[in-house]
Amino acid sequence: MAIRVYKLAKELGVTSKDIMAEALNHGIEVQNHMGSLTEAQANVIRAFLIVAPAATEAAAEPEAEAKPKRPASKRLPPSKRKPKEPEVEETASGTAETEEVEVKPNAPTALPPSMREL
């Protein structure tokens, strides 16, 4: 009985890419996550991926202890944030000055000859 790559990945708790990479390591060609594997091919991949994670988890544990996780960000979403007020510089006399900005209109663009006659 054949099994799809994505179903085997779900069964083993890994990604479809991991299954496809391991299949390629064993000479099994799989095009995508919808590709089928025979039961024998699936057993080869299961045997490797069930044993390998136990070894990698043991190596990953000391690293996990060394790095404490940062708490999640508590920032408000943009829709709930207060708008920023423009910065105002104070002069020596104590009055606030704002910078004048000149707004230039967009230059008109030339029309192509075919549209000039309309």
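The legends below describe several views of one predicted protein model.

View 1. The protein has four helices and four strands, where helices (H or I, at least four residues) and strands (E, at least two) are DSSP runs numbered from the N terminus. Along the sequence these elements follow the pattern β-α-α-β-α-β-β-α. Of the 118 residues in the protein, 14% are buried, a term that stands for under 20% relative accessible area with a 1.4 Å probe and protein chains only. Residues are numbered from 1 along each chain as its sequence is written. Because the model is predicted, local features need pLDDT of at least 70 and side-chain atom pairs count only at pLDDT 80 or more, while totals for chains, interfaces and linings use all residues, and side-chain values use heavy atoms, without hydrogens and water.

**View 2. The largest nonpolar core.** This core, a set of buried Ala, Val, Leu, Ile, Met, Phe, Trp, Tyr and Cys residues joined through side-chain atoms within 4.5 Å, has 12 residues, among them I3, V5, L8, I28 and L49. Helix 1 (5-12), helix 2 (16-25) and helix 3 (39-66) are the elements that each give two or more residues to the core.

**View 3. The surroundings of I3.** Apart from its neighbours within four places in sequence, I3 is in contact (heavy atoms within 4.5 Å) with L8, E11, G35, S36, L37, A42 and R46.

View 4. V5, L8 and A9 are buried in helix 1. They lie on the same side of helix 1, because they cover an arc of only 100° around the axis, taken from the directions from the helix axis to the C-beta atoms. Just after helix 1, G13 has a positive phi of about 75°.

Definitions and conventions. Buried < 20%, exposed > 50% of the residue type's maximum accessible area, 1.4 Å probe, protein only.
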